[in-house]
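Colleague: Could you take me through this one feature by feature, general idea first and then the case at hand?

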Amino acid sequence: MSVPKIKAVRLSPREQLGQKELVVLGPSLGTSTVMWQDAAQLFAGDYDVFGWDLPGHGVSPAAATDAEFSVGELADAVVELVDSIEPGVRFHYAGDSVGGATGAELALRHPERLLSLAMVCSSPRFNGAEAYAERADAVAEQGTEIRLEPSAEIWFAPGFLGEHPTESSRLLDSLRDADRFGYAAVCRAIAAYDVRDRFAEISVPFLAVAGQFDSVCPLSEAQWMADQAQHGVAVEVPNVGHIAPTENPALVASLLRTHFMAASGLIELAQETIDALVDSHNTKDSNS
């Protein structure tokens, strides 16, 4: 195995770095930084924000046919990428699904680099290792097109595809365009990923976000992680599936901004604060 090559996409407007805290955002399998664009622009005025793309996804280079790396090595790649942008800087990290799992590995392998960690629609271990291995072989042979229909069913809450065709199409286009060998390599990394026995070592301020309709990473996973982490909070975002930052960017952005501010000592964070934030957004949505 080896550290894969990944690239970053700037999601904040400033040319000069270092005047704001850095936020790094990680993607879900089959997507790209595009999944974070709407949420990121809602807090990009307060932070330097970058997203990164998985090998063979988005702007990251295609993977070799025999590419092999672990989720831990993805975390190493993120640190190398950050150092190429702003050497040695500490940063807030948030990631969805395997992007969140990469964050867990960051907290375990490079804890001195993190200001905070948010795992969105993610898990300490993804169920179905054998199924991920089988998916890797199928996609490597037939391409990512075979994942369009099942991914659309898993990624989004009921009704989202029809009500938000632009947002859903952007993500499905990312999946269609993804390199099949890079996708397969990430599947194999997911199959081998399991940090349950070390999760209690995570000491940075921690937020776990679950989607109400997420069948891959349900609320019970988020609650377990928040209980295990030394400073953890869990929250469920209503009416979203597995790609919460795209499905409800306003609420996810508010949750992350609050989490980042608390980690930096600007406010105090408690479970009640996070729950009240969700209730507030629900009230706004019901009145609109």
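Modeller: Helices (H or I, at least four residues) and strands (E, at least two) are DSSP runs, numbered from the N terminus. This is a predicted model, where local features need pLDDT of at least 70 and side-chain atom pairs count only at pLDDT 80 or more, while totals for chains, interfaces and linings use all residues. Residues are numbered from 1 along each chain as its sequence is written, and side-chain values use heavy atoms, leaving out hydrogens and water.

Colleague: Where is Cys121 placed?

Modeller: Most residues other than glycine have a negative phi. Cys121, in the loop between β5 (114-120) and α4, has a positive phi near 50 degrees. Cys121 is also buried (under 20% relative accessible area; exposed is over 50%, partly exposed in between, with a 1.4 Å probe and protein chains only), at 0% relative accessibility. Ser97 also has a positive phi, near 60 degrees. Ser97 sits in the loop between β4 (91-96) and α3 (98-109) and is buried at 7%.

Colleague: At what angle do the axes of α4 and α8 cross?

Modeller: Two packed helices are described by the angle and the distance between their axes. Here α4 (residues 129-142) and α8 (residues 180-192) have axes that come within 8 Å and cross at roughly 170 degrees. Axes are lines fitted to C-alpha atoms over the stretch in contact, with angles from 0 to 180 degrees between N-to-C directions. So α4 is roughly antiparallel to α8 (over 145 degrees; under 35 is roughly parallel, 65 to 115 roughly perpendicular, the rest oblique). The contact (heavy atoms within 4.5 Å) includes Tyr132, Arg135 and Val139 of α4 and Phe181, Cys187 and Ile190 of α8.

Colleague: Which residues of α5 are buried?

Modeller: Residues three or four places apart in an α-helix point the same way, because there are 3.6 residues a turn. In α5 (residues 148-155), the buried ones are Leu148, Ser151, Ala152 and Trp155. They cover an arc of only 105 degrees, so they are on the same side of α5; the arc uses directions from the helix axis to the C-beta atoms. Exposed Glu149 and Glu153 are on the face turned away from that buried side. The cover over the buried residues of α5 includes α6 (160-163), α7 (165-177) and α10 (244-247).
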